[in-house]
Amino acid sequence: MSHSIQRFLIDPVSMSRIDSAAEASGLSVLSLMERAGQAVAACALRHYPEAHRYAVLCGIGNNGGDGFVAARALREAGADVAVFMFGDVVKLKGAARQAYDALMDDQQYPGCQSLAAFTPQDGDVVIDGIFGAGLSRDVPPEVAEVIGVVERARTPVVAIDLPSGLCGRRGIALGAAFKATHTVTFVAKKPGHVLMPGRELCGTLEVFDIGIPQRIVEAHAGPVRENPADLWERYLVLDDVETHKFKRGHLTVFAGPSHSTGAARMTAIAGLRAGAGIVTIAAPQEAIAVLSATLTAVMVMPIEDQHALATWAHDQRHGTYVLGPGFGDLEKAREFVSLLKDRALVLDADGITAFKDDRDKLFSLFAGNAPRILTPHEGEFARLFPDVHADDALSKIEKAQAAAKSSNAVIVYKGADTVIAAPDGRASVNTNAPSSLATAGSGDVLAGICGGLLAQHVPAFEAAAAAVWLHGEMGQRLGPGLIAEDLASAVRPFEARAGTV
């Protein structure tokens, strides 16, 4: 299966459609289950060859069927295996029943025990096949109890598809969930594998191709992806010996008063490093001296009010703006955004907060086709999209998609699992951000990278996706102890791509 297919994030409903389409095309469900279970057994043997016993916990659905196949494969490899079942064996149907019967055909096998009888032993490795990605309710108390027992015993867990109890769509624990050391999934990742806390609950994730054709996957996969470089790299400006600074775009970054210019400086430097040909900080007159003394390649322009901004924006070369980092004056922010309604704009920090009580005004300003990116963290998202944020039935991806549609802007919903969403429904989840990015000023740098790429006429969704990935990549390269100034100076879009793509 192609690398691009494995970048899909396929929700449980879509995965069910893929399974049905595969069966309708003539593929045997049992053959797919056989490949899945064999892959799980191989993972367990590869990572835990020293296990004294593999305790395989199975439910009555196809996830349990994968577990029965894995148990049979482990026994055939000479391992000590015990199978514990949650549910009544008479409820097994179809391929899961066939997989169970194949396991029971071994005359030497003592049979399955009830899940209630399971107690971890020294040297155990748990194979978790109780529930799959489609679980949508809290786990039953009996399963929750077993999850707790396994966690307290610190028994390693290899999960089939998803750790039981983890929601495949939202990435949250449904009452309780196993914390796996390894998870083996099939065809492509689910949102629950990459959204937090699901990503941590899955441990090391392996995606295994069980033979469903690419055409079937693509027909049902939907518009959600992970955020790798190959999603957006073709949109980045390539080296061009005939280029010049105006061709690479002029980015304007707004600053606040003299005592809070640091955020704007980091934003501007990041935008320049990201490739903008010219970057100017537009600031109140009283901040000009501070900025002029601390900047070299970045220019400084006094822009005190709407009239000065209108004059500046009249020059069509001044086409891209970042407003928010360290800006401070919320009323002025609203006025400036109104003037820039037809220009490419990254709205961050104070620029977002300025509209928390007048969201409809912001969304009406964004009704046109100019490229716009909003970069809220959790609190800012809650203030600007309170109804969406409060809807616990939605995943973080679905919340970002809803916000993008209602605002007509690309949303960068920040966090360890940053989601980038476009008004047309496309979304991607970023997974390369290290915890060291949780430092003051880091978001200002991200806004600058977004602005620098927008200035080069990279489409808004691709600019945001690229910026988030590059932000994470630079964070990884700098390592623990980084501060935002390091991050702003380290931005190197083409160097980062060459090292990882």
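Predicted model: local features only at pLDDT ≥ 70, side-chain atom pairs only at ≥ 80, totals over all residues.
Helices (H or I, at least four residues) and strands (E, at least two) are DSSP runs here, numbered from the N terminus.

Residues are numbered from 1 along each chain as its sequence is written, and side-chain values use heavy atoms, with hydrogens and water left out.

**Overall picture**

The protein has 21 helices and 17 strands. Along the principal axes, its C-alpha atoms fill a box of roughly 85 × 45 × 40 Å. Of the 501 residues, 54% are buried (under 20% relative accessible area; exposed is over 50% and partly exposed lies in between, with a 1.4 Å probe and protein chains only). Contacts (heavy atoms within 4.5 Å) with a separation of 6 or more come to 71% from residues 24 or more positions apart.

Let us return to H19, which covers residues 460–478. Its 19 residues reach 27 Å from first to last C-alpha, close to the 27 Å expected at 1.5 Å a residue, where the expected span is 1.5 Å times one less than the number of residues. Because 16 of its 19 residues are buried, H19 is largely enclosed by the rest of the structure.

Helix H17 (residues 396–407) has 12 residues and should span 16 Å, which agrees with the 16 Å between its end C-alpha atoms. Among its buried residues are Ile 397, Ala 400, Ala 403 and Ala 404, together with Lys 396 and Lys 399. Asn 408 follows H17 with a positive phi near 60 degrees.

In soluble globular proteins, nonpolar side chains tend to be buried together. A nonpolar core is a set of buried Ala, Val, Leu, Ile, Met, Phe, Trp, Tyr and Cys residues joined through side-chain atoms within 4.5 Å. The largest one here has 55 residues, and those touching the most other members are Val 253, Ile 281, Ile 373, Val 410, Val 445, Ile 449 and Leu 453. H19 supplies the largest share of this core, 11 residues. Apart from it lies another core, of 48 residues, including Cys 43, Ile 127, Val 158 and Val 187.

**Two arginines**

Arg 343 lies in the loop between helix H12 (330–339) and strand E13 (344–347). This arginine is buried yet has no salt bridge, and the nearest side chain of opposite charge, Asp 342, is 6.8 Å away; for charge, Lys and Arg count as positive and Asp and Glu as negative, with His and the chain ends not counted. Its side chain does reach the backbone oxygen of His 318 at 2.7 Å.

Arg 234, in the loop between strand E8 (224–226) and strand E9 (250–254), is exposed, with a relative accessible area of 61%. The C-alpha atoms of Arg 234 and Val 458 are separated by 9.7 Å, although the two are 224 residues apart along the chain.

**Backbone exceptions**

Most residues other than glycine have a negative phi, and most peptide bonds are trans. Ala 349 is not a glycine but has a positive phi of about 50 degrees, and it is buried, at 15% relative accessible area. His 457 has a positive phi of about 70 degrees; it sits in the loop between helix H18 (442–455) and H19 and is exposed, at 66%. The peptide bond from Met 196 to Pro 197 is cis, with omega near 5 degrees.

**Salt bridges**

The whole structure holds 16 salt bridges, each a side-chain nitrogen of Lys or Arg within 4 Å of a carboxyl oxygen of Asp or Glu. Three of them are listed here.

| Pair | N to O distance |
|---|---|
| Glu 76 and Arg 72 | 3.4 Å |
| Arg 97 and Asp 101 | 3.2 Å |
| Asp 161 and Lys 190 | 3.2 Å |

Glu 76 and Arg 72 are 4 residues apart in helix H3 (residues 62–76), about one helical turn. Glu 76 is exposed, at 59%, whereas Arg 72 counts as buried, at 15%. Arg 97 and Asp 101 are likewise separated by about one helical turn, in helix H4 (residues 94–104).

Asp 161 is buried, with a relative accessible area of 11%, and Lys 190 counts as buried at 2%. Elsewhere, salt bridges that share partners join Arg 7, Lys 189 and Glu 226 into one network.

Conventions: Polar contact = N/O pair within 3.5 Å; in protein donor to acceptor, adjacent residues only side chain to side chain.
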